[in-house]
Amino acid sequence: MKLPQLKIGELVARIPIIQGGMAVRISTGNLAGAVAAEGGIGVIGASGMAFDELSREIRIAKEKAQGGIVGINIMFAAREFVGIVQTAIKEKIDLIFTGAGFSRDIFKMGSGSNIPIIPIVSTARLALTAEKSGAAAVVVEGKEAGGHLGTDRSVWDIVPEVREAVKIPVVAAGGISDGRDICRAFKLGANGVQIATRFVLSEECNAAPEYKRRYQTARKEDIVQITSPVGMPGRAIRTAFVEKILSKNPPRPIGCDFCLKRCSLEYCIIQSLINSQKGDIDHGIVFSGENVWKIKDRSIKPAKKIIEELVSEAEEVNDC
Ligand SMILES: Cc1cc2nc3c(=O)[nH]c(=O)nc-3n(C[C@H](O)[C@H](O)[C@H](O)COP(=O)(O)O)c2cc1C
């Protein structure tokens with residue numbers, strides 16, 4: 001089957017693949033721009049970035065994208081949520097994805113500038129609320145996803161429910177690791193897919209080589225759920241730090257810059273994500289989707305090649 005285009009508002013992506021936003025500094029302008037240049041939608045993980053840093057990354061992405069579509073992803077739980085959204089609007093971002101919750105106010109901010117807002121949801125009820133509030137599309141994320149999780153249900157169960165509930169475009173996310181999964185999502189009524197884990201294994205991904213190596217060697221049993229001070233569970237690869245979280249003995253935060261609106265202070269989530277992104281894996285969290293171990297070829301390659309593979313795999317599926 002030839003994959004259809006993905007239309008969101010007035011934007012049309014030639015390839016219906018969104019590269020999921022990944023914080024902190026895992027998906028920056030370089031990766032987002034590369035994905036957008038290939039006809040997909042590239043997303044900068046903006047949580048944890050300073051405003052001027054985000055401006056720079058958006059400019060890098062746009063230059064690389066050559067007219068392709070670039071978005072940002074910001075966690076609603078971030079204290080600087082409004083400032084990040086305002087910065088992205090000022091830089092004329094194409095799309096804004098909001099993870100870990102949303103408020104109706106965000107749609108007012110987007111409507112003045114005509115920028116589509118796309119909440120990430122895990123229930124049909126929230127998808128409907130998002131649609132009524134003005135969302136241009138919804139990303140439906142299941143428990144298979146990496147990072148913070150809003151549900152313990154599979155994406156394959158939630159997508160048909162959301163499809164029935166809303167008319168706006170539906171994007172399936174979580175555990176989609178090959179073309180067969182992409183076809184499955186379309187058969188359930190999705191208009192596009194959001195994929196993150198597979199793009200960590202790209203040359204353009206901004207994670208340290210040691211971080212990517214954890215992705216290359218992870219086995220099924222290495223993927224675990226952890227508690228997060230954000231107040232939602234998270235999915236990650238076992239590391240020394242993750243073991244401490246699992247045994248309820250993580251190091252308490254040293255200092256705090258109040259990066260979250262609300263934080264349990266169980267440990268410092270932002271510092272642990274910064275540590276791992278820089279390669280200090282023993283003191284960090286490596287977020288990952290549930291199906292990282294299923295990726296057939298875990299070599300590091302250009303994002304362009306990953307997109308080509310996903311598209312050709314999907315197009316080879318007969319009953320797609
Ligand atoms: C390393 C990593 C970091 C992530 N960071 C964020 C984030 O900052 N905000 C967000 O909404 N989702 C985040 N996610 C979720 C992804 O954007 C995506 O929806 C999900 O991981 C898709 O599942 P997959 O990784 O199995 O493809 C992250 C995922 C990973 C793997």
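Student: Which residues of helix 7 are buried?
Tutor: This is a predicted model, in which local features need pLDDT of at least 70 and side-chain atom pairs count only at pLDDT 80 or more, while totals for chains, interfaces and linings use all residues. Numbering starts from 1 along each chain as its sequence is written. Helices (DSSP runs of H or I, at least four residues) and strands (E, at least two) are numbered from the N terminus; a residue is buried with 20 or more other C-beta atoms within 10 Å of its own, exposed with 12 or fewer and partly exposed in between, C-beta atoms being placed from the backbone. The buried residues of helix 7 are Gly179, Asp181, Ile182, Cys183, Arg184, Ala185 and Phe186.

Student: Against which elements do the buried residues of helix 7 pack?
Tutor: Helix 7 covers residues 179–187, and seven of these nine residues are buried, so the rest of the structure largely encloses this helix. After helix 7 comes Gly189, with a positive phi near 105°. Contact requires C-beta atoms, placed from the backbone, within 7 Å. The partners of the buried residues of helix 7 are helix 6 (155–165), strand 10, strand 11 and helix 12 (303–316).

Student: In strand 10, which residue is the bridge partner of Val139?
Tutor: Strands pair if DSSP finds at least two bridges between them. Strand 8 (residues 138–141) and strand 10 run parallel, joined by four bridges. In strand 10, Val139 has as its bridge partner Val171.

Student: Which residues lie on each covered side of strand 10?
Tutor: In a regular strand, side chains alternate between the two faces of the sheet. Strand 10 spans residues 170–173, and both of its faces are covered, with all four residues buried. One side holds Val170 and Ala172, the other Val171 and Ala173.

Student: In strand 8, what is the bridge partner of Ile120?
Tutor: Strand 7 (residues 117–121) pairs with strand 8 in the parallel sense over two bridges. Strand 8 is covered on both faces, with Val138 and Val140 buried on one side and Val139 and Glu141 buried on the other. In strand 8, the partner of Ile120 is Val139.

Student: How many residues does the largest nonpolar core have?
Tutor: A nonpolar core joins buried Ala, Val, Leu, Ile, Met, Phe, Trp, Tyr and Cys residues through C-beta atoms within 7 Å. Among the residues with the most contacts inside the largest core are Val138, Val140 and Val171. Domain 1 (6–206 + 295–316) and domain 2 (209–292) both contribute residues to this core, so it lies between them. The number of residues in the largest nonpolar core is 110.

Student: How many residues surround the ligand?
Tutor: A residue is near a molecule if its C-beta atom, placed from the backbone, lies within 6 Å of it. Both domain 1 and domain 2 supply residues to the shell around the ligand, so it lies between them. The closest residues are Gly20, Gly99, Gly146, Gly147 and Gly289, and the number surrounding the ligand is 28.

Methods
Domain bounds come from an automatic or database domain assignment. Two residues are in contact if their C-beta atoms, placed from the backbone, lie within 7 Å.
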